[in-house]
Amino acid sequence: MRFNNADGFTLVELVAVLIIVGIVAISTQSLWLGKSSFSASVVRDQAVGVMRLIQWQQMNGQCVTLEGVAVSGPLLGVNVADCSTLSGTFDHVLFSITPALGSSIFRFDGWGRPVNQHNVRLCLGEGCQIGITSTQDTSQSAVMCVNAEGFISASECS
């Protein structure tokens with residue numbers, strides 16, 4: 001006997017929906033569980049954006065009074081009259097740079113490469129790694145990299 005007007009879903013359809021819902025729940029659980037007020041990856045992405053904007057403006061001849069990019073304590077970026085849009089002070093965050101450059105300030109040349117105040121190239125070899133650490137929870141940290149050719153990435157230097 002065949003039913004022509006069968007209402008409802010088959011067992012296969014129900015199982016497929018349950019599997020899809022389970023996969024979505026597993027992949028998004030970290031968004032709701034264990035979420036703290038500080039997200040290292042979000043701060044890192046913002047810092048990469050600030051650095052790339054500074055680099056772009058210096059390559060295009062803007063920010064002419066800029067002494068350099070400060071990478072120390074809660075400051076990443078610049079704060080001078082003709083670069084007022086580059087506010088890079090972050091709350092509850094400490095920035096550090098390795099290897100030590102002798103100064104926490106550097107700039108970008110016309111090609112976008114990191115240089116010091118005397119236009120000597122920096123971050124040669126593996127690049128300069130900028131560490132980002134929460135002052136509220138030291139287990140929350142992230143890194144970003146500026147390589148010798150000026151590529152700014154949201155990952156470790158290799």
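Predicted model: local features only at pLDDT ≥ 70, side-chain atom pairs only at ≥ 80, totals over all residues.

**Salt bridges.** I searched the whole structure and found 3 salt bridges, each being a side-chain nitrogen of Lys or Arg within 4 Å of a carboxyl oxygen of Asp or Glu. Residues are numbered from 1 along each chain as its sequence is written, and side-chain values use heavy atoms, with hydrogens and water left out.

**Pair by pair.** Arg121 and Glu149 join in a salt bridge at 3.0 Å, N to O. Arg121 sits in the loop between β5 (114-115) and β6, and Glu149 in the loop between β7 and β8, so the pair ties together parts that are 28 residues apart in sequence. I read burial from relative accessible area: buried is under 20%, exposed over 50%, and partly exposed in between (1.4 Å probe, protein chains only). Arg121 is partly exposed at 29%, while Glu149 is exposed at 53%.

Arg113 pairs with Asp109, with the closest N and O atoms 3.0 Å apart; Asp109 is buried at 16%. Arg44 pairs with Asp45 at 3.6 Å between the closest N and O atoms. Here Arg44 counts as buried at 19%, and Asp45 is partly exposed at 45%.

**The core.** Next I looked for nonpolar cores, meaning buried Ala, Val, Leu, Ile, Met, Phe, Trp, Tyr and Cys residues joined through side-chain atoms within 4.5 Å. The largest has 19 residues, and those with the most contacts inside it include Met51, Phe108 and Ile132. Elements giving two or more residues to this core are α2 (40-59), β3 (93-98), β4 (105-108), β6 (128-134) and β7 (141-146); α2 gives the most, with 6 residues. Helices (H or I, at least four residues) and strands (E, at least two) are DSSP runs, numbered from the N terminus.

I also listed the neighbours of Ile132, with contact meaning heavy atoms within 4.5 Å. Leaving out residues up to four places away in sequence, Ile132 touches Arg44, Phe95 and Met144, among others.

**Confidence.** My last check was pLDDT, the predictor's confidence in each residue, from 0 to 100. The protein chain averages 77, and 70% of the residues score at least 70. Confidence is lowest in strand β2 (residues 75-77), at a mean of 62, and highest in strand β8 (residues 152-153), at 92.
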